[in-house]
Amino acid sequence: MKQILQERIYLLIILLVTVCLVAGITFPTNFLTFSNFSQILLNVSVDTIVAVGMMLLLISGSFDLSVGSVVALTACLTAYLMQVLHIPIPMAIVLGLCAALVLGWINGYLVAYKGINAMIQTLAMMGIARGAALMLSGSGSQNLPYWFNTIGQSKLLGIQMPIWYMLLTVGIFTFLFKKTIFFRRYYYIGGNEKAADLSGIQVKKMKMLGFVISAGLAGVAGILISSRLGAALPTFGRGLELRVITAVILGGASLTGGYGKIPGALLGTLFMGIIANIMVISRVSGYWQEIILGIILILTLGLDKLLLKRYAQTA
Amino acid sequence: MINTLKKHRSPWLFIFFLCAMGCTLPPKNPEISTNRSPYQERKGNLENEEYVMVTTAVTMPMYMNRDQRAFLKWGEERNVKVSVLGPADWDVPAQINTIEEVIGTQPTGLLINGTDPAIAQVINKAVNAGIPTVVYDSDIPNADHAAFLGTNWYEIGRLQAEEMVQLIEGKGKVAYMGILGMSNMETGFQGYLDVLKKYPEIEVVGKYDSKASTEEAARISSDVLSAHPDIAGISGFDGPSGPGIALAVKEAGKAGKIKITTVDGEPEHLQLVKEGVIHMLAAQKRELFTWYGAQFLYDMVHGTNRLSNNDAKAGITSIPYRVDTGLLKITPKNIDQFVN
């Protein structure tokens, strides 16, 4: 009980189960089906991979607004390299991912070493990366090579690959945060940066690495979404940054840093994906979707605060 | 094989082998028919008849006031359930996700805004799931939908450029803007440039991203006016551009002198034509896209105009494959017919 009150992630699990049960009873033929759940997971796979990187940053007390644009740039650059410069697919993917890592490094270096505010730096990078994506692909690249498309369109055991990549990413980072001292240091940095610095943690280096990892995961997401659709559009990832931050906060992170668990990123995106799915099934108009998601975010955080307050009073 | 793997005690190799066994690759050459797909006429229970429109940027005023209003009105007139779904922002992957989820609910018919060629796969998925599907606004190559209704975007660009040439008498500097990266708009830009390049005395000074925002269009236009005080004309390719360009031109005190052509026929656009600030609107007949799109779906499902004993078996459809609804050219000469 103590753990449930202290960690938002458990509250989210209870909410998820409740919502699924109610939706399952209300829409028995459409909601509780393998194909629908597989579709929900597929739809949230790209967001979740980006959300894992964002969770890492939020744990360390930072955030990155350029992730959506990095998704677009990686997709468009990889497509450009394959289709215009005729570079072999694996090489094009590596170069696309390298570009994402370089953008992450620039963000991290300027934020950690030069003291530029993360919001301003990543906002600037958001524009630069989006502009570069537009320059590279114009209206977008269609009909990407077949073997590139297999990355996102193949199935393993009847489940589309992006879901496996998502689970793999969440699994790897959950393991790293649980079992390695290196990644656990991000909690100390997010909790008290000065104290972490005084205790010998290389705060600047680690913060920079956090941005590199986040951008790298956004790059992976860019490759996945373009291979899934067989197209690379410069409009990919518009609004993704805010969606992902919302999901990560729902999943237990705090804007002040020091809190959060990697599975929370998955649960946050999954919760938003399930709510969106229920709204589609129940034919709630698109006008209402943003409003409802906003209300849910406020209610969840409000409930979380209320439970914590009650716990503090009873303890 | 499994024994060999076990002998080497390599669990990773074993896992890899299992994965390879369970892996399915996508079809290498998906069958894309050059003809529109035949459809299955639905007989019997049509009580729960429901037509779903899926677009992106569902809250865009032009979409709400014209496309969606006509679609909802059609539903009322036909007394059938209609729903409008899609993401609030311009987000093509989110539109695709919505279509995928709608397919699972098996609506009677699906009306899809052709926002980008990337939605071809999901359109084919809907068609393969037996859902009559019609696309509007921009056609989607390599997709198997039953019909398309819309405007030729190249024609929008061409019409704007021809009018601009006349307005500036074939010489001077011009700029244009729209949502960069949108395939239909890029087609419009191409039509615009193809006409202008025939006039060597016309100089195109820039192509700008309005980001679907009136404020951004106004900011860009003021910058263009500062950089090129002698600019002769500016054109817009998205709804918010027109009022934005007009605002900047009015604030610079050059209303009427700098020629403006743009798209759409919303009340604010019409008012600006009436005031003499905008000189020509290339307006789409958007209401017709969704009204007749929905009607086509209805006719397919009900077999209204059967052309054979069994259209599905004959491999034909009884609706037009492609409808170009044409453009409205609104100028100060005919503006009174469009405003109250």
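# A tour of two chains

Select B:Val174 to begin: its bridge partner in E9(B) is B:Gly233. You are looking at a predicted model. Now widen the selection to both strands. Strand E7 (residues 172–178) and strand E9 (residues 231–236) of chain B pair in the parallel sense, over five bridges.

**The helices on E7 and E9**

Helix H7 of chain B lies across E7, E8 and E9 of chain B. Its direction is at about 170 degrees to E7(B).

Show the rest of the strands. In what order do the six strands of this open sheet in chain B stand? The order is E8-E7-E9-E10-E11-E13, with mixed pairing. Go to the edges: strand E8 (202–209) and strand E13 (327–330) of chain B. Each has a single partner strand, so one side of each has no neighbour in the sheet. Look along the sheet for its twist, which averages 15 degrees from one strand to the next.

**Confidence in chain B**

Colour chain B by pLDDT. The chain averages 87, and 89% of its residues score at least 70. Then select residues 31–36 of chain B, where pLDDT stays under 50. The model has nine contacts beyond four places in sequence for this stretch. Where pLDDT is low, the predicted coordinates should not be read in detail.

Now pick B:Asn79. You will find B:Asn79 in the loop between helix H3 (61–78) and strand E3 (81–85) of chain B. Its phi is near 60 degrees, a positive value in a residue other than glycine. Is B:Asn79 buried or exposed? B:Asn79 is exposed, because 7 other C-beta atoms lie within 10 Å and the cut-off for exposed is 12 or fewer.

**Where the chains meet**

Show both chains. The model scores ipTM 0.81 and pTM 0.81. In the contact, 37 residues of chain A meet 37 residues of chain B. Several elements of chain A each supply at least two residues to this side, including helix H3 (34–59), helix H11 (203–229) and helix H14 (286–314). By class, the residues on chain A's side are 13 nonpolar, 20 polar and four charged.

Zoom in on A:Lys155. Its bridge partner in E1(B) is B:Thr24. Two bridges join E1(A) to strand E1 (residues 23–24) of chain B, and the strands run antiparallel.

**Into chain A**

Chain A has 14 helices and two strands. Its radius of gyration is 20 Å, close to the 20 Å that the globule rule gives for 315 residues, so chain A is as compact as a globular protein of that length. Of those 315 residues, 53% count as buried.

Select helix H8 (residues 161–179) and helix H13 (residues 262–281) of chain A. Their axes come within 8 Å and cross at roughly 145 degrees. H8(A) brings A:Val170, A:Phe173, A:Thr174 and A:Phe177 to the contact. H13(A) brings A:Ile262, A:Pro263, A:Ala265 and A:Leu266. By class, this contact has seven nonpolar, one polar and no charged residues.

Last stop: A:Asn143, in the loop between helix H6 (118–137) and H7 of chain A. Its phi is near 50 degrees, again a positive value in a residue other than glycine. A:Asn143 is partly exposed, with 14 other C-beta atoms within 10 Å.

Notes
Residues are numbered from 1 along each chain as its sequence is written. Chains are lettered from A and ligands numbered from 1 in the order in which they are written. This is a predicted model: local features need pLDDT of at least 70, side-chain atom pairs count only at pLDDT 80 or more; totals for chains, interfaces and linings use all residues. Axes are lines fitted to C-alpha atoms, for helices over the stretch in contact, and angles run from 0 to 180 degrees between N-to-C directions. Helices (H or I, at least four residues) and strands (E, at least two) are DSSP runs, numbered from the N terminus. Two residues are in contact if their C-beta atoms, placed from the backbone, lie within 7 Å. Ala, Val, Leu, Ile, Met, Phe, Trp, Tyr, Cys and Pro count as nonpolar, Asp, Glu, Lys and Arg as charged, and the others, Gly among them, as polar. Two strands pair if DSSP finds at least two bridges between them. pLDDT is the predictor's confidence in each residue, from 0 to 100. The radius of gyration is taken over C-alpha atoms; the globule rule is 2.2 Å times the number of residues to the power 0.38. A residue is buried if 20 or more other C-beta atoms lie within 10 Å of its own, exposed if 12 or fewer, and partly exposed in between; C-beta atoms are placed from the backbone.
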